[in-house]
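Reader: I would like a close look at a single part of this protein. Please set it in the context of the whole chain.

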Amino acid sequence: MRLSTLIIEPSAKFVKRKTYLYRNIEKNSTNVNDEVGTLAQQAKGSSARNDSTVRERAMDTCRRHTTTCLVLAVLLMLCACARFPETGQVVSKRLIVQFRVAGQIRPDYYYFILIDNDTDPLGVSGPVAPVAPPWGGNGFATGSFQRFVEYNGALPFSGFLLYRVLDPDRLQVFQPMGPPLEASISPDRKTMRVVVDFASFALDGQDPADIRVLQVNIIATDRTPKDPTDTSLKMWDALGDSRQSPSTYLTLLTDTDRILRNTDTGMEPEGDVVNGNDPDLDIVDWQIEVRS
Ligand SMILES: [Ca+2]
Ligand SMILES: [Ca+2]
């Protein structure tokens with residue numbers, strides 16, 4: 001493990017976020033309300049052993065009605081933990097990211113886990129939060145990354161969506177890949193846990209087993225301004241003391257199973273939210289695990 005730093009050069013490029021997925025889901029969702037309502041009640045009352053059966057029935061319902069994402073999201077929100085359907089592929093190693101905030105995770109705020117898989121054992125570059133307007137072009141992150149998981153209550157799949165950056169030089173252009181392998185928020189809404197399989201962030205033609213090092217960051221922010229002329233301030237926190245410059249990110253060796261904790265590094269302080277002191281954005285603890 002290595003802590004790395006990067007000088008930030010915010011971009012002023014135009015931003016285009018993909019939101020069509022949610023709109024399509026919303027348009028089609030009314031067709032299956034009754035059937036899903038029944039399944040949701042079953043899910044609420046079911047035992048853990050029966051949850052998988054109910055989820056599978058929900059998926060069948062979704063497929064029949066060509067409406068998958070929002071329906072499944074509604075159903076899974078009624079379960080304690082959002083565990084998403086297998087897509088048939090063999091799951092490779094997993095990256096398990098967990099973090100806690102001082103307050104509570106808010107569905108109207110934005111929480112990101114950013115992954116940089118560019119064979120960079122020295123941690124020369126990595127994902128960081130933009131520190132000043134125009135806020136990186138995408139409104140939440142700059143530096144180097146190819147995949148990220150976003151949580152916001154308006155997204156499908158209980159608010160969790162995995163994205164692929166289409167051009168490393170234009171971090172404001174990306175497309176959704178679907179839900180992460182697993183994702184959940186604790187009942188007290190203080191802790192978020194996301195599981196991503198290595199295959200989902202392997203480069204084209206890259207064997208996931210060959211991924212030996214990653215740069216990772218966690219970013220929490222109250223808004224994601226994409227207009228390059230928007231110079232108003234926004235609150236944010238990311239790994240490291242966010243009040244200090246240059247910003248930090250984590251370089252994680254993934255050649256073997258390991259768990260890294262904030263207590264190992266002393267990396268993340270409390271009370272370092274920039275442009276405000278909102279505890280709902282204040283990351284106070286984290287843990288990242290590589291598990292085969
Ligand atoms: Ca921080
Ligand atoms: Ca913090």
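Author: The protein has five helices and 16 strands. Helices (H or I, at least four residues) and strands (E, at least two) are DSSP runs, numbered from the N terminus. This is a predicted model, where local features need pLDDT of at least 70, side-chain atom pairs count only at pLDDT 80 or more, and totals for chains, interfaces and linings use all residues. Residues are numbered from 1 along each chain as its sequence is written, while chains are lettered from A and ligands numbered from 1 in the order in which they are written.

Now strand 10, residues 182-185. Its covered face holds Ala183 and Ile185. Its uncovered face holds Glu182 and Ser184. Strand 10 pairs with strand 11 (residues 191-197) in the antiparallel sense, over four bridges. Two strands pair if DSSP finds at least two bridges between them. Ser184 stands opposite Arg193 in strand 11. Five residues lie between the strands of this hairpin, and Arg189 takes a positive phi near 60° there.

Next, the wider setting. Buried residues make up 41% of the 292 residues. Buried means 20 or more other C-beta atoms within 10 Å of a residue's own, with C-beta atoms placed from the backbone. The largest nonpolar core has 56 residues. Such a core is a set of buried Ala, Val, Leu, Ile, Met, Phe, Trp, Tyr and Cys residues joined through C-beta atoms within 7 Å. Val194 is among those with the most contacts inside this core. Strand 4 (residues 110-116) gives the most to this core, with six residues.

How values were computed:
Buried ≥ 20, exposed ≤ 12 C-beta atoms within 10 Å, placed from the backbone.
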